[in-house]
Amino acid sequence: MDYTEKQLHSELIFDGHVLHLYKDDILLPDGKVGFREYCKHVGAVCIVPLTDEGEVICVKQYRYAHRKMVLEITAGKLDSPDEDPATAALRELREETGAVCKKLTYLGPLYTTPALIDEVIHMYMAEGLDTGDIISVEKFPILPEDDFEAIHDRSAEVGSRLLS
C-alpha cells in the first residue's frame, strides 16, 4: 500500500527566525482529508569529537526551552539551506570546543522529531583532534551500551544528540 499523504493546501502560520510553522490540508491514503502541523528548519549538524584516548568531548549548554543546562555533543544549525554540512560541522567543532580535526567522517542523517519538524541533523565523527585552544568541555570514555551511569551522574541533563 502507498502511504504517501498528498498536500492539498499549505498555510504559513508563523514565520520565525529559526522555525517556520505550517498547517497543511492533506489527502490521506484512504481518501479522507486531514491536516498536519509542522515546522520547517534549515537543518543542522552534530559532531562526535573523539580523542586519541577514546573519549568523546561534550559541551554543557543552557537550553532555554528546558530551562536548564544540557550535556551534548557539539552541534549547530546550518547558516543557510545551501551550506555544506561538512563545512558547518568543522565550524561548530571549532566554535564549541576550540578543537580542529584531521579526519571528519559522515555518519548519516538524524531525524529527531519527524512527525513535527523537517529538520535533518547531519551526523559526523571528528578524529585526529588538535585541542590546543580547548574551551570548557567534559570528556567521556566510550562506554558499553549498558553502562551510562558515568554520564547520568554528571550535574547536567543529557541531550538526545549525545545519546545518538
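**Chatting through the strands**

Me: Let's start with Thr-74. Which strand is it in?
Reply: Thr-74 belongs to strand β7, which covers residues 74-77. Bear in mind that this is a predicted model.

Me: Thanks. Is Thr-74 buried or exposed?
Reply: Buried: its relative accessible area is 0%.

Me: And what is Thr-74 in contact with, leaving aside neighbours within four places in sequence?
Reply: There are contacts with Val-45, Cys-46, Ile-47 and Pro-49, and also with Glu-92, Leu-93, Glu-96 and Thr-97.

Me: New topic, cysteines. How many disulfides turn up in the whole structure?
Reply: The search finds 0 disulfides.

Me: What about Cys-39 and Cys-58, buried or exposed?
Reply: Cys-39 has 16% relative accessibility, and because buried means under 20%, it counts as buried. Cys-58 is buried too, at 1%.

Me: On to sheets. What is the strand order in the open sheet of 3 strands?
Reply: The order is β1-β2-β3, and the pairing is antiparallel. The edge strands are β1 (6-15) and β3 (33-40), each of which pairs on one side only. On average, neighbouring strands of this sheet are turned by 20 degrees against each other, direction ignored.

Me: How many bridges do β1 and β2 pair over?
Reply: They pair over 8 bridges, in the antiparallel sense, with β2 spanning residues 20-27. As an example of who faces whom, Phe-14 stands opposite Leu-21 in β2.

Me: Remind me, what do strands of a sheet pair through?
Reply: They pair through backbone hydrogen bonds, either parallel or antiparallel.

Me: Where does β9 come in, and how many of its residues are buried?
Reply: Strand β9 runs over residues 121-130 and is mostly covered, with 7 of its 10 residues buried. It pairs with strand β4 (residues 44-49) in the parallel sense over 6 bridges, and Ala-44 stands opposite Ile-121. Strand β8 (residues 100-110) is joined to β9 by 9 bridges and runs antiparallel to it; there, Pro-109 stands opposite His-122.

Me: Back to β2. What does His-20 touch, not counting residues up to four places away in sequence?
Reply: His-20, which is found in strand β2, touches Leu-12, Phe-14, Asp-15, Tyr-38, Cys-39 and Lys-40. Its side chain is joined to that of Asp-15 by a polar contact of 2.5 Å. A polar atom of the His-20 side chain also lies 3.3 Å from the backbone oxygen of Gly-16.

How values were computed:
Residues numbered from 1 in each chain as written. Predicted model: local features only at pLDDT ≥ 70, side-chain atom pairs only at ≥ 80, totals over all residues. Heavy atoms only, no water. Helix = DSSP H or I, 4+ residues; strand = E, 2+ residues; numbered from the N terminus. Buried < 20%, exposed > 50% of the residue type's maximum accessible area, 1.4 Å probe, protein only. Contact = heavy atoms within 4.5 Å. Disulfide = S-S within 2.5 Å. Pairing = 2+ DSSP bridges. Axes fitted to C-alpha atoms, helices over the stretch in contact; angles between N-to-C directions. Polar contact = N/O pair within 3.5 Å; in protein donor to acceptor, adjacent residues only side chain to side chain.
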